[in-house]
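User: Please take a close look at one helix in this model. I would like to know how it sits against the rest of the chain.

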Amino acid sequence: MDWRERIATDPGVCHGQACIKGTRIPVAVVLDNLAAGLGAEEIIASYPPLSVDDVRAATAYAAELAR
């Protein structure tokens with residue numbers, strides 16, 4: 001999966017933070033939830049616009065930044 005298909009930055013949205021495309025949900029929120037031990041389905045239940053692929057894209061984005 002190419003995270004670029006699902007994550008974008010826009011200075012006019014959430015002060016330019018990386019967000020899931022088509023939403024105002026920052027990638028950091030998804031990652032914070034994963035770090036807290038929530039699973040993808042639990043995150044999606046809290047943020048219905050998200051999909052499993054969006055959660056995976058957030059993880060891939062973080063992995064690339066760590067490299």
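Analyst: Contact here means heavy atoms within 4.5 Å. Keep in mind that this is a predicted model.

Take helix 3, residues 52-66. It has 15 residues. From first C-alpha to last, helix 3 reaches 21 Å, close to the 21 Å expected at 1.5 Å a residue.

Now look at what is hidden. Buried means under 20% relative accessible area. In helix 3, the buried residues are Asp54, Val55, Ala57, Ala58 and Tyr61. They lie on the same side of helix 3, because they cover an arc of only 160° around the axis. Turn to the other side of helix 3: Arg56 and Ala66 are exposed there.

What covers the buried residues? The cover of helix 3 includes two strands, strand 1 (7-8) and strand 2 (19-20). It also includes helix 1 (27-35) and helix 2 (40-46).

Next comes the core. The largest nonpolar core has 14 residues. Tyr61 is among those with the most contacts inside it, as are Ile7, Val27, Val30 and Leu50. Helix 1, helix 2 and helix 3 each give two or more residues to this core. Helix 3 gives the most, with four residues. In soluble globular proteins, nonpolar side chains tend to be buried together.

Val55 and Ala58 are both buried residues of helix 3.

How values were computed:
Residues numbered from 1 in each chain as written. Predicted model: local features only at pLDDT ≥ 70, side-chain atom pairs only at ≥ 80, totals over all residues. Heavy atoms only, no water. Expected span 1.5 Å × (residues − 1). Buried < 20%, exposed > 50% of the residue type's maximum accessible area, 1.4 Å probe, protein only. Arc of directions from axis to C-beta. Core = buried A, V, L, I, M, F, W, Y, C linked by side-chain atoms within 4.5 Å.
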